[in-house]
Amino acid sequence: MSIQVTPLKVDGSYLLTTPFFSDHRGGFGVQWEKNLLDEANIVFRPENANHSYNWTAGTLRAFHYQSPPNCQAKLVSCVAGKIWDVVVDLRSGSPTLHQWAASELAAGDSRSHYIPAGCAHGFVTLEDHSTVAYLIEGTYVAAASAVVRWNDPTLAVPWPVTNPILSDKDRNAPFIR
Ligand SMILES: Cc1cn([C@H]2C[C@H](O)[C@@H](COP(=O)(O)OP(=O)(O)O[C@H]3O[C@@H](C)C(=O)[C@@H](O)[C@H]3O)O2)c(=O)[nH]c1=O
């Protein structure tokens, strides 16, 4: 088994393509395997597995992160439908501070985004009933969780939607100062 690792514009973030075994029923995908990532020098030790279900296309959840010392690394996959997934660098001192990278992830494509600790993550659904699966390194600490506004002008992320469905928290999130 092998893994394809494509470095993204945000330092330390990757688009990963993991093995997918197709047959007449559909397929079997390997979402994460410790040894595969270790061999690629991506040391990722997930502690939680979460998923996010979204009723309709155009649902946007962004840009979420946890502040130090509660930073989380994430492996993000789309297990139903299709999403446009974004990583944003919020690490002070990073050579790619405030840069972003995006990829389309779809059910059955066996592609994932690796989001390093200290970066923020967001996505918009491109199809109804899209479901996003996360593996997360680090625990959820509500008091440390934070959001940057999805349309922050410093980031200028070209979302493929203009009027997304947002949570109240995300709609009113602060801009980067
Ligand atoms: C993120 C999270 C939320 N929750 C709870 C809190 C709240 O009652 C409910 C919904 O939380 P939110 O509105 O923050 O969920 P959501 O907007 O879907 O947040 C997610 O957005 C994407 C972009 C990510 O990267 C994820 O890590 C996560 O932050 O779920 C947990 O219990 N554990 C968790 O790890």
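**View 1. Val88 in strand E8 of the predicted model.** Val88 is buried, with a relative accessible area of 0%, where buried means under 20% relative accessible area, exposed over 50% and partly exposed in between (1.4 Å probe, protein chains only). The residue belongs to strand E8, strands (E, at least two residues) being DSSP runs numbered from the N terminus. Leaving aside neighbours within four places in sequence, Val88 is in contact (heavy atoms within 4.5 Å) with Phe63, Gln99, Trp100, Cys119, Ala120 and Leu155. Between the C-alpha atoms of Val88 and Glu39 the distance is 25 Å, with 49 residues separating the two in sequence. This is a predicted model, in which local features need pLDDT of at least 70 and side-chain atom pairs count only at pLDDT 80 or more, while totals for chains, interfaces and linings use all residues. Residues are numbered from 1 along each chain as its sequence is written, and side-chain values use heavy atoms, with hydrogens and water left out.

**View 2. The largest nonpolar core.** A nonpolar core is a set of buried Ala, Val, Leu, Ile, Met, Phe, Trp, Tyr and Cys residues joined through side-chain atoms within 4.5 Å. The largest one has 17 residues, and Leu60, Phe63, Val86, Val157 and Trp159 have the most contacts inside it. Two or more residues of this core come from each of E6, strand E8 (82–89) and strand E11 (119–125). Apart from this core lies another, of 15 residues, among them Leu8, Ile83, Ala101 and Leu105. Beyond four places in sequence, the residues that Leu60 touches include Phe123, Trp150, Trp159, Ile165 and Asp170.

**View 3. The annotated pair His64 and Tyr134.** An unreviewed UniProt entry gives His64 and Tyr134 the annotation "active site"; UniProt positions are in the numbering used here, feature names are shortened, and annotations may be inferred rather than shown by experiment. Although the pair is spread over 71 residues of sequence, the two cluster in space, with a largest C-alpha distance of 13.0 Å.

**View 4. Surroundings of His64.** His64 lies in strand E6 (residues 60–66) and counts as partly exposed because its relative accessibility is 24%. Not counting residues up to four places away in sequence, His64 touches Lys74, Cys119, Ala120, His121, Ala146, Val147, Lys169 and Asp170.

**View 5. Surroundings of Tyr134.** Tyr134 is placed in strand E12 (residues 130–137) and, at 13% relative accessibility, counts as buried. Among the residues that Tyr134 touches, not counting those up to four places away in sequence, are Asn48, His51, Leu75, His121 and Phe123.

Key
Helix = DSSP H or I, 4+ residues; strand = E, 2+ residues; numbered from the N terminus.
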